[in-house]
Amino acid sequence: MQANDHTLASSYLRQIAEQISSMGGDAGDWLARSGLRAEQLDDGELAVSFPVFRQLVLDSVELTGEPAMGLLVGDRMREHTHGILGYAAMNCGTLRQALELLERFFMLRTTMLAIDFEQRDDEFRVRLRERIPLGDIARPVLEAALLAFKNVLDCIPRGPSQCRSVAFSFAASSDAALARELFRCEVREGQDWTGLVLPLAAIDVPLRMGDPATLAHAVQICQRELDKLAAQVSLGARVQRLMLEQRSSFPSLQLTARLLCMTPRTLHRRLLEEGTSYKQILEQVRRMLALEYLRAGRLSVQEVSYALGYSDVANFRRAFKRWESVPPSARR
């Protein structure tokens with residue numbers, strides 16, 4: 001899947017524009033640099049591609065001179081910023097139900113990021129991961145997304161969600177004090193993951209404000225929107241999604257075709273029409289996951305190679321050198 005297949009809802013761009021304006025900047029000029037107009041931000045159907053979004057983020061930092069732009073934009077986002085998904089989350093019966101709902105429909109807001117969960121002893125970790133390498137905009141995007149996510153969780157129980165700490169995979173910055181102030185909890189940078197730590201005991205506590213009928217109606221709307229989005233997504237994007245869902249055992253071309261209700265020959269032909277192939281998509285997924293595994297530092301190079309389906313670690317080393325121009329050990 002190419003970067004152009006990844007999108008972001010226009011409501012988030014509006015938050016950046018408003019932040020730029022509040023700091024005395026010209027939001028119109030900021031949008032014009034990427035060929036956009038202010039009135040387009042009110043179009044619920046507008047969804048910008050990753051290359052355009054990347055340039056918008058970089059330009060917002062340049063125009064304002066504010067390196068902590070991600071934190072400031074994230075602090076603006078509340079439950080209403082996330083449309084019907086935020087409304088649905090507010091009517092859940094427990095935090096667990098809300099988290100599972102957000103995970104299920106996260107693509108309605110952006111296809112650049114994904115969330116998953118991990119339970120450790122008395123902790124419940126909500127992990128935020130990149131579906132594509134964000135590169136030079138990783139810090140502002142992850143800071144904004146995680147702060148926005150925490151703001152929603154704080155509102156669901158109508159009070160602080162008792163978030164114990166926040167973890168970021170990037171190195172410490174001069175804005176650590178501001179991050180602690182806005183997140184209102186401990187912020188740990190330089191970790192091997194990005195996300196929130198919640199107390200396990202709070203996950204299944206019933207929330208008195210939940211409304212099952214309202215939730216069911218909101219979920220129906222979310223599902224319709226997700227179905228519509230899936231119909232617009234390229235075939236290559238659907239193939240990549242299947243691979244990412246499996247991770248440890250990538251489906252073969254034959255199985256992928258069967259899962260997509262077509263013959264292998266039809267799948268191959270339609271991917272060629274999109275300018276890609278099963279082999280190219282598999283290599284893109286392997287590259288993405290290799291970088292993620294190596295940054296996390298939990299697996300050896302040999303273990304990463306096996307996790308990505310290589311029978312010989314030497315083949316993985318050669319592939320990685322071709323992708324990144326350096327051996328895998330340089331990315332650990």
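Here are some notes on this predicted model, starting with the strands and ending with the domain interface.

1. Ground rules. This is a predicted model, so local features need pLDDT of at least 70 and side-chain atom pairs count only at pLDDT 80 or more, while totals for chains, interfaces and linings use all residues. Residues are numbered from 1 along each chain as its sequence is written, and side-chain values use heavy atoms, with hydrogens and water left out.

2. Strand β4. I'd look at β4 (residues 123-130) to begin with: 6 of its 8 residues are buried, so the strand is largely enclosed by the rest of the structure. Buried here means under 20% relative accessible area, exposed means over 50%, and partly exposed is in between (1.4 Å probe, protein chains only). Helices (H or I, at least four residues) and strands (E, at least two) are DSSP runs, numbered from the N terminus.

3. Who pairs with β4. Two strands pair if DSSP finds at least two bridges between them. Strand β3 (residues 113-120) runs antiparallel to β4, and 8 bridges join them. Arg-120 stands opposite Glu-123 of β4. The hairpin of β3 and β4 has 2 residues between the strands, and Asp-121 takes a positive phi there, near 50 degrees. β4 also pairs with strand β7 (residues 195-199), again in the antiparallel sense, over 5 bridges. In that pairing, Arg-127 stands opposite Gly-195.

4. Arg-127 and Asp-116. The rule for a salt bridge is a side-chain nitrogen of Lys or Arg within 4 Å of a carboxyl oxygen of Asp or Glu. The side chains of Arg-127 and Asp-116 meet that rule at 2.8 Å, N to O. The pair links distant parts of the chain, with Arg-127 in strand β4 and Asp-116 in strand β3, 11 residues apart. Arg-127 counts as partly exposed at 24% relative accessibility, whereas Asp-116 is buried at 17%.

5. Other salt bridges. The count comes to 24 salt bridges by this rule. One of them joins Glu-186 and Arg-188, whose closest N and O atoms are 3.1 Å apart. Glu-186 is partly exposed, with a relative accessible area of 40%, and Arg-188 is partly exposed too, at 38%. Another joins the side chains of Glu-225 and Lys-228 at 3.6 Å, N to O. Both of these residues lie in helix α9 (residues 212-232), 3 residues apart, about one turn of the helix. Glu-225 is partly exposed at 33%, as is Lys-228 at 36%. Salt bridges that share partners also join Asp-116, Glu-118, Arg-120, Arg-127 and Arg-129 into one network.

6. Backbone angles to check. Arg-184 has a positive phi near 60 degrees and sits in the loop between α8 (176-183) and β6 (186-188). Cys-261 also has a positive phi near 60 degrees, and its place is the loop between α11 (253-259) and α12 (264-273). Arg-184 is exposed, with a relative accessible area of 53%, and Cys-261 is exposed at 73%.

7. Leu-72. This residue lies in helix α4 (residues 69-76) and counts as partly exposed at 22% relative accessibility. Leaving out residues up to four places away in sequence, Leu-72 touches Gln-19, Met-23, Glu-66 and Leu-178, where contact means heavy atoms within 4.5 Å. The C-alpha atoms of Leu-72 and Arg-287 are separated by 32 Å, and the two residues are 215 residues apart along the chain.

8. Domains. The domain assignment gives domain 1 (68-223) and domain 2 (235-330), with bounds that come from an automatic or database domain assignment. Their C-alpha centres lie 28 Å apart. In contact terms, 10 residues of domain 1 meet 8 residues of domain 2.

9. The interface. The two domains bury about 850 Å² between them, 41% of it on carbon and sulfur atoms; buried area is the accessible area (1.4 Å probe) that two parts lose on being put together, summed over both. Arg-129, Arg-131 and Asp-192 supply 56% of the area that domain 1 buries against domain 2, more than any other three residues. How many salt bridges are counted between domain 1 and domain 2? The count is 0 salt bridges. On the side of domain 1 that touches domain 2, β4 gives the most, with 4 residues.
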